[in-house]
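Dear colleague,

Please find below the structure that I am handing over to you, followed by an account of what was found in it.

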Amino acid sequence: MDKRTSIINEPHKISHFEDIFRLQEEYQRNLIDHKSDLQFTWIGEHNLCYTIGKGGNRKNLLNLSKNNVFTINRGGEVTCHMPGQLVIYLILDLNSYKKDLDWYLRKLEKVIISILSHFDIKGKTIPGLTGVWCGDKKIASIGIGCKRWITLHGFAINVDCDLENFNQIIPCGIKECQMTRISDFNKNININEVKKIVKKIIQKEFNLKFVSK
Amino acid sequence: MSHEIFMPALSSTMTEGKIVEWLKNPGDKVERGESVLVVESDKADMDVESFQDGYLAAVLMPAGSTAPVGETIGLIVENQEEMAEIQEQNKIVLNPDERESQDEKSQKNEISKIKVSENSEKTNKPVETSKAKKEVQVHRKSETIAPLTNQSSRVVASPRARKIASQMGVDLSKLNGSGPNGRIQAEDVLLVKGQPTSIPWIGEGDKAVGLSNNQIIPENNSSPTGNSFGSPGETVQFNTLQKAVNKNMESSLNIPCFRVGYSIETDKLDSFYKTVKQNGVTMTALLVKAVAKTLKNHPQVNSFFTPDGISYPEKINVAVAVAMEDGGLITPVLRDPCKTDLFELSREWKDLVKRSRLKQLDPEEYSTGTFTLSNLGMFGVDRFDAILPPGTGAILAIAASQPTVVANKNGSISVKKVMQVNLTADHRVIYGADGASFLKELANLIENAPESLIS
């Protein structure tokens, strides 16, 4: 099997964070154990939930009730997922790309900027603050985990979600961090349209052949 | 024997990483491949695994702390007896109360280091303490860079120094390091003991280039007697590995080989090596990287003969010959080194060497080389040529780098470190011009741009 092949999973319904988390871990495990050569790409939306990296500062959770906060094995501070935000998980084998997490993070930023430019939105990076920004507002967040160079998690782009939810936390641990979304720039955008572009750009940038399960 | 867990390089640009969490506690059993801790850099978390079965004996850097890439952050031992020993040795660092806050000035820390070692060893004579204090002052004077690693009372020593110290029973906390930031080097341990130590004879070319310091030579060759597998008058059967080598060497007689040599100046490479050595980079990894990068532009030298024609491998895999203590040699392979940064490559190499000694290599880890390196520099040889292993097109023999009087183009004379390399190639697929232009570019890379070897 070609190493650059990835299963693509793009559910139309909103998914629970834990279900997809388990799914990701399963694909990562299989690649680590050489049970499968198939990488995994997931494009979808989550119900409202908050996640924080293991190294994240709990203070940034503010007064949030701990019920729907997931502490997970990715880098970075607290963030928020909700319908209207596109979440992309990539379980890739960096052994066949480049064993360099900085390279991978920068690559994801590049992918996000290409996605945005497709909708005539100018995204930029700020050195030291991983993620993609429009002016001084953040539009996409990145957080990844890695084991034996097999990646976990990925990035989230705000499309037309309710940005109020971010006020419950200090997103990414950056005080005064303001969030923005694609619909603030282009009202007529449909999330399914964004999905299509995301898929196309990921396929191109990571040289993937998508197969459905 | 204990095995170090190093702060890994998650990327080629990373200089330090944060320990997010220890997934195991000291004393816990760990299996090879099992995650032991999580390290974070930027927005990425990486699970760090154990390379062997055993027990986590010591956590040298607690969760939440930051350590430079290549720093020893934990120790794994093979059995429980060793664990008690290691825990005794590392008592100082295991006791969090003895830690000074990060904001304290290093001087205070230096003194606290002495105090701690006093406390932990009640037999210490007061004379030694005052001597130690004097040494600290000398040591502080010679320091020009603000110490990164001396901010705690932790003993900072190279993995080899730790190993030798534990073999010789030297207390590292009493030593002054001559390395960067006062890190204790193997030489410091040897010096205090006043005698060379013997370690398993293995052709790890760490000290190959830059043989300016003659003290280094004895480490591999402490006795004047060479290696022998039998007694006078005896005939000893070949072991399996020796038989395999014999077969390969005999089959090379049917290959029409030629040799081409080059003298490469290594002053820049040596000084670059000095700067990255503290991050765990080995000379072998540097040489492999240089060869792989050059092969990328010279695919002909990476090709090999088949009856159907010239075969070009999909990847560049560099094999490095390692002599085994009990006879024979093995060629662990660094696969696709162009895709791996120097720090990761060095770790891969250390792991391969370690597992070669234990005879734990999988076949694809020693049989997939497309080009071979043989390095005898550590013995001070000025030149040699190597025999071509079957299934490959070329092998490069690397000799020691030695100060040499060089006549410059403008007629002036200077002394430079020069290393002779010698390429043996199968003339059916590689021609003189191919070999020569490969060597020319390799020399250019090593002489002028060694820092580009980092990624």
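**Helix α3 of chain A**

Just after α3(A), Asn207(A) adopts a positive phi of about 55 degrees. Please bear in mind here and throughout that this is a predicted model. The helix itself, α3 of chain A, runs over residues 191–205 and has 15 residues. From its first C-alpha to its last, α3(A) reaches 21 Å, close to the 21 Å expected at 1.5 Å a residue.

Three residues of α3(A) are buried, namely Val194(A), Val198(A) and Ile202(A). Because they cover an arc of only 65 degrees around the axis, they lie on the same side of α3(A). On the other side of the helix, Asn192(A) and Lys204(A) are exposed. The packing partners of the buried residues of α3(A) are β2 (39–44), β6 (85–91) and α2 (101–118), which belong to chain A.

**Nonpolar cores**

The largest nonpolar core has 137 residues. The residues with the most contacts inside this core are Ile112(A), Leu286(B), Val288(B), Val291(B) and Val318(B). From chain B, the core draws at least three residues from each of domain 1 (2–90) and domain 3 (240–454). Leaving aside residues up to four places away in sequence, Leu286(B) touches Leu269(B), Tyr273(B), Val281(B), Leu342(B) and Leu453(B). Another core, of seven residues, lies apart from the largest one; among its members are Val156(B), Ala157(B), Ala161(B) and Val189(B). As general background, nonpolar side chains tend to be buried together in soluble globular proteins.

Chain B contains 11 helices and 18 strands. Of its 455 residues, 41% are buried. Among the contacts in chain B with a separation of 6 or more, 68% are between residues 24 or more positions apart.

An open sheet of four strands in chain B has the order β1-β8-β6-β3, with antiparallel pairing. At its edges stand β1 (2–6) and β3 (29–30) of chain B; each has a single partner strand, so one side of each is left without a neighbour in the sheet. Within chain B, β6 (residues 54–59) and β8 (residues 72–77) pair in the antiparallel sense over four bridges. In this pairing, Val59(B) stands opposite Gly74(B) of β8(B).

With kind regards

How values were computed:
Residues are numbered from 1 along each chain as its sequence is written. Chains are lettered from A and ligands numbered from 1 in the order in which they are written. This is a predicted model: local features need pLDDT of at least 70, side-chain atom pairs count only at pLDDT 80 or more; totals for chains, interfaces and linings use all residues. A nonpolar core is a set of buried Ala, Val, Leu, Ile, Met, Phe, Trp, Tyr and Cys residues joined through C-beta atoms within 7 Å. A residue is buried if 20 or more other C-beta atoms lie within 10 Å of its own, exposed if 12 or fewer, and partly exposed in between; C-beta atoms are placed from the backbone. Domain bounds come from an automatic or database domain assignment. Two residues are in contact if their C-beta atoms, placed from the backbone, lie within 7 Å. Helices (H or I, at least four residues) and strands (E, at least two) are DSSP runs, numbered from the N terminus. The expected span of a helix is 1.5 Å times one less than its number of residues. The arc is that of the directions from the helix axis to the C-beta atoms. Two strands pair if DSSP finds at least two bridges between them.
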